[in-house]
Amino acid sequence: MKILVAEDDQLMVKMLEFRLKKDGHDVVISHDGREAVGKLDEFKPDLVITDIMMPYLSGLEVVSAVKKKYPKGTPVIILSGMGQENVVLEAFQLGADDYMTKPFSPNELSVRVRRFDLTLAK
Amino acid sequence: MLTIKTHLYSSFIIYWDIQSIALLAIVILMVCLLSFMLLYLLVKAGHEKKHTYWRSKSDTLIHKAVFDDEEKIDDMFIEETLGSDNLKKNRYFRKILTEEIISAKKNISGAAADNLIDLYRLFELDKYAIRNLNHLKWYIRAKAIHELTTMQISELVDHLHLFINDPNEYVRMEAQSALVQFNGFEGLSFLDTIAYPISDWQQIKLLQLLSHLPPSSIDTTPWFESKNSSVAVFALKLARNYNRFEQHDAIAKCLDHSDAKVRLEAILCLNEIYTDETSDHLIGRFLKESLKHQLAMIRVMQTLGTERDILFLTDLLNHESDQLKLDAARALAHASNNGMAALEAYSEQSEQDITEIVMHIKREMSV
Amino acid sequence: MSWQTFLLHVFTYGILVYSMILLTFYLLIGAFSILETRSYLHKNSFTDYRMLASSTEAPTMSILAPAYNEGPTIIENVRSLLSLHYNNLDLIVINDGSKDDTLEQLIKAYDLYKADFYVTQLIKTKKVNGIYRSHNPVYRKLTVVDKENGGKADALNVGINIARSDYFVCIDVDCVLEQDAILKLAKPFLESSTHRVIAAGGVVRVANSCEIEGGRLVKVHLPKKFLPRIQTLEYIRAFLLSRMAWTRLNGLLLISGAFGAFDREIVINCGGYHTDTVGEDMELVVRMRRYMEEREEPYKVGFIPDPLCWTEAPSSYRILGRQRNRWTRGTIETLRSHKKMFFNPNYGILGMLSYPYWFFFEFLAPIIEFLGTIGIIIYFFTYAINWSAVVIMIGVICIGILYSIFAILMEVLTYNQYKQRKDILKLVLVAILEPFIFHPFVVWSAVLGNISLLRKQNSWGEMTRQGFAANKNPR
């Protein structure tokens with residue numbers, strides 16, 4: 001599966017990349033929201049994983065850009081330090097498909113990603 | 001003319017002695033500062049190379065520990081990663097590694113996080129931190145508590161009682177957070193005895209820490225009576241966040257508290273915890289309050305207002321404060337299904353023009 | 001003793017005493033600044049700002065961004081403001097009767113519609129033509145106000161009327177903010193449980209020659225041109241030393257109009273920004289402090305030394321001169337309207353220390369320096385070289401340079417934005433050149449400011465037309 005990751009923290013980026021590649025996915029990294037949106041056309045990801053608090057464009061804007069471009073496909077998983085109700089609700093309203101809060105477990109992420117893979121395979 | 005000149009020169013000589021010394025002192029000081037700065041920069045540049053090296057080593061350690069949670073973190077692992085370098089004893093390396101482990105730990109949970117804790121212990125960073133708990137400088141004490149709390153080192157708990165009444169606010173704050181982190185809601189028992197005020201910042205932090213725990217049906221009412229009004233404020237916030245409906249009457253009683261901050265918090269708390277009688281409590285208190293609190297009350301009425309409050313709210317559309325008028329109109333519109341109709345009816349018959357307010361409310365409700 | 005000798009003595013001793021007091025202040029400012037900065041950095045070393053970013057309990061903040069003819073950059077700037085890290089944040093852009101397409105651009109880029117909106121007149125302002133909100137839920141935090149031109153103060157007042165938040169942050173829309181700027185600025189308001197924090201100021205840094213992309217600072221560089229470079233030093237000195245020291249004493253009088261946060265309730269109670277002064281930023285802080293002093297409520301004005309706000313400093317003498325002229329007028333107007341506090345013990349530190357300091361060392365300093373220089377020149381031509389006065393002058397200059405070098409040292413030891421050793425040396429060189437090249441110009445501009453105020457040349461109208469760029473008082 002082709003996964004686009006948008007995350008500004010260096011360590012997080014490296015660890016997400018390592019983990020997802022180990023699970024056999026194709027991974028493209030972007031370090032801010034604008035870069036992520038820019039890479040949508042070129043990379044055509046099957047899944048987007050994004051942080052919320054990022055430079056230039058917030059993760060919520062990334063969600064809305066992805067959903068505008070691919071109204072049916074391309075699920076988005078949000079991975080954010082912000083866990084409060086209103087942000088989570090807003091994310092889902094904008095079309096996010098899953099929401100994980102930091103600190104997060106890499107194993108859990110890996111399982112959640114696989115779930116989207118299965119739904120695509122059907 | 002000449003006499004003035006000689007006089008000038010003689011006075012010049014007297015000045016010169018004091019002044020030249022002063023001038024010299026300034027110049028010497030200037031040179032000292034400059035050379036100190038240059039020296040500092042040079043030393044720092046010298047360190048830079050080593051620092052990058054240490055940083056890369058510590059990165060490798062953390063990446064390995066975090067990326068592959070099947071990795072066993074032991075001396076073998078360190079030797080494989082660092083080679084023969086004995087960095088364990090290196091003060092600077094320890095500092096860098098600690099910082100990086102802490103920041104990684106804040107982002108990661110699960111097996112990978114356990115690996116981080118193993119790594120932390122393996123480098124005996126916990127020992128250094130525990131030793132620092134008794135440091136004379138407050139920020140080193142506070143930092144040590146913070147570090148041990150983040151790394152979930154339970155040995156810290158035995159030491160915590162020492163810091164609850166530490167003279168430094170930041171040490172106290174870290175100790176309180178640690179108590180909550182380790183003991184959950186029971187850790188809040190420090191509220192029974194704390195004499196110092198708890199800042200808003202600390203309250204936010206404690207609530208944040210508690211929000212990671214399974215909700216509790218803690219009884220916060222005893223703290224409403226606390227002599228420390230910041231404890232009462234915090235207890236009200238707890239009641240609101242954990243929906244302690246059975247505490248409603250005690251909360252309503254806080255509307256008469258002598259401290260304005262407690263009263264305001266009680267008003268906000270009633271926004272989540274209310275019964276049919278809540279609006280009567282608010283209305284009964286309304287005229288005694290400042291505009292700021294009145295505005296808060298009206299905003300609460302928007303949530304809990306009913307048919308019965310329409311009259312009270314309609315009256316407020318005459319209020320001298322534009323802000324309050326707008327909020328009252330909004331509360332009215334939300335009060336019941338007839339609220340909007342009442343607002344429009346008032347708008348038509350009243351002498352004052354509130355069409356703009358009505359339009360504003362309609363727009364908000366249509367979004 | 002002839003009158004000339006007498007005059008000479010008065011002149012020399014006067015200047016000597018004045019310089020000694022100034023030197024004492026420099027030393028005290030240096031010492032207090034070290035204390036305050038140290039304690040701030042220690043506190044910060046284990047502060048988790050992310051906790052605040054993601055909390056629903058965080059106070060509500062509104063950013064007020066007045067815009068005048070900002071067409072070319074407004075979209076990018078608003079976008080970067082919208083991506084600031086803070087959950088309970090909304091952004092109010094106030095279009096102050098721009099003559100270009102600022103408003104149209106915003107409407108197009110953010111999918112805005114004209115909303116029915118009841119604007120409360122808590123503070124009296126010029127007419128509001130319309131309030132715009134976005135159809136797109138991603139931009140629900142954005143409100144755009146279109147109003148008649150009335151200057152920065154009036155635009156901010158409209159923003160205060162419309163905001164519903166606990167605190168508001170006023171910024172210049174052309175400033176570049178760090179992502180965590182609001183988080184850091186919110187903290188002082190939450191920290192104190194004994195004093196009410198009525199306002200908090202932030203540092204403004206010079207952005208000339210820095211790499212800026214999409215409204216965000218990518219890389220810091222020392223300005224290449226001389227004028228901005230010297231202002232870099234000036235800003236470091238003002239923010240890292242002077243403001244930090246005054247914060248320690250709780251005597252801070254000025255929060256830069258380019259970046260500061262205020263308690264909205266108190267600002268409203270005080271009547272908002274005054275539109276009849278060119279120094280509205282300083283005037284408001286002084287008025288708020290006075291209000292709290294008169295009500296005898298314990299209060300504080302906070303200050304954050306982190307470099308959070310970057311702005312383009314004027315790079316031509318003409319614009320710089322105009323800016324300094326305006327600052328002088330603003331200072332005098334503020335001091336004049338609050339002269340009641342001058343050495344008035346009822347106002348505590350504010351009356352006994354802050355106000356007199358501003359009076360003697362901000363308002364009078366350029367005048368004394370100017371007259372002193374003229375005096376020495378006159379003596380040189382008429383009687384003789386007044387050596388003692390010359391020596392004192394050299395001393396004063398050296399002390400000034402010393403103070404600058406100390407400021408650079410503080411920067412190196414704390415935030416160290418200019419990573420290359422070469423840059424630090426360039427700053428030191430600038431510090432040595434400043435008293436001879438830049439400083440006389442600043443003094444002259446200040447004197448001109450005094451003159452134009454005396455002539456009652458109130459150039460308010462001119463300023464509205466110019467917009468309000470480059471009004472970022474760093475002192």
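Helix 15 of chain B passes helix 17 of chain B in a left-handed crossing; a crossing is called left-handed if the near helix is turned anticlockwise from the far one by less than a right angle, and right-handed if clockwise. Helices here are DSSP runs of H or I with at least four residues, strands are runs of E with at least two, and both are numbered from the N terminus. Helix 15 covers residues 291-304 of chain B, and its axis and that of helix 17 of chain B come within 8 Å and cross at roughly 15°. The axes are lines fitted to C-alpha atoms, for helices over the stretch in contact, and the angles run from 0 to 180 degrees between N-to-C directions. Helix 15 and helix 17 of chain B are therefore roughly parallel to each other, as angles under 35 degrees count as roughly parallel, over 145 as roughly antiparallel, 65 to 115 as roughly perpendicular and the rest as oblique.

Before going on, a word about the model and its labels. This is a predicted model, in which local features need pLDDT of at least 70 and side-chain atom pairs count only at pLDDT 80 or more, while totals for chains, interfaces and linings use all residues. Residues are numbered from 1 along each chain as its sequence is written, and chains are lettered from A and ligands numbered from 1 in the order in which they are written.

Back to the helix pair, now at the level of residues. Two residues are in contact if their C-beta atoms, placed from the backbone, lie within 7 Å. On the helix 15 side of chain B, the residues that meet helix 17 include Leu295(B), Ile298(B) and Met301(B); among their partners in helix 17 of chain B are Leu324(B), Ala328(B) and Ala331(B). The residues of this contact divide into six nonpolar, four polar and three charged. For these classes, Ala, Val, Leu, Ile, Met, Phe, Trp, Tyr, Cys and Pro count as nonpolar, Asp, Glu, Lys and Arg as charged, and the others, Gly among them, as polar.

The contact between the two chains takes 47 residues from chain B and 46 residues from chain C. Among the elements that give two or more residues to the chain B side are helix 1, helix 11 (229-241) and helix 17 (322-335) of chain B. The largest share of that side, 21 residues, comes from helix 1 of chain B. By class, the side of chain B that touches chain C has 28 nonpolar, nine polar and 10 charged residues.

Chain C itself comes to 15 helices and 12 strands. With 475 residues, a compact globule would have a radius of gyration near 23 Å, and chain C has 23 Å, which agrees; the radius is taken over C-alpha atoms, and the globule rule is 2.2 Å times the number of residues to the power 0.38. Along its principal axes, the C-alpha trace of chain C spans about 80 × 45 × 45 Å. Buried residues make up 52% of chain C; a residue is buried if 20 or more other C-beta atoms lie within 10 Å of its own, exposed if 12 or fewer, and partly exposed in between, with C-beta atoms placed from the backbone.

On to chain A. Here 13 residues of chain B are in contact with 14 residues of chain A, and helix 1 (2-67) and helix 4 (111-122) of chain B each supply at least two residues of the chain B side. Chain A has five helices and five strands, which run β-α-β-α-β-α-β-α-β-α from the N terminus on. Of its 122 residues, 46% count as buried. Within chain A, helix 2 (residues 33-43) and helix 3 (residues 59-69) pack at an angle of about 10°, with their axes 9 Å apart, and their crossing is right-handed.
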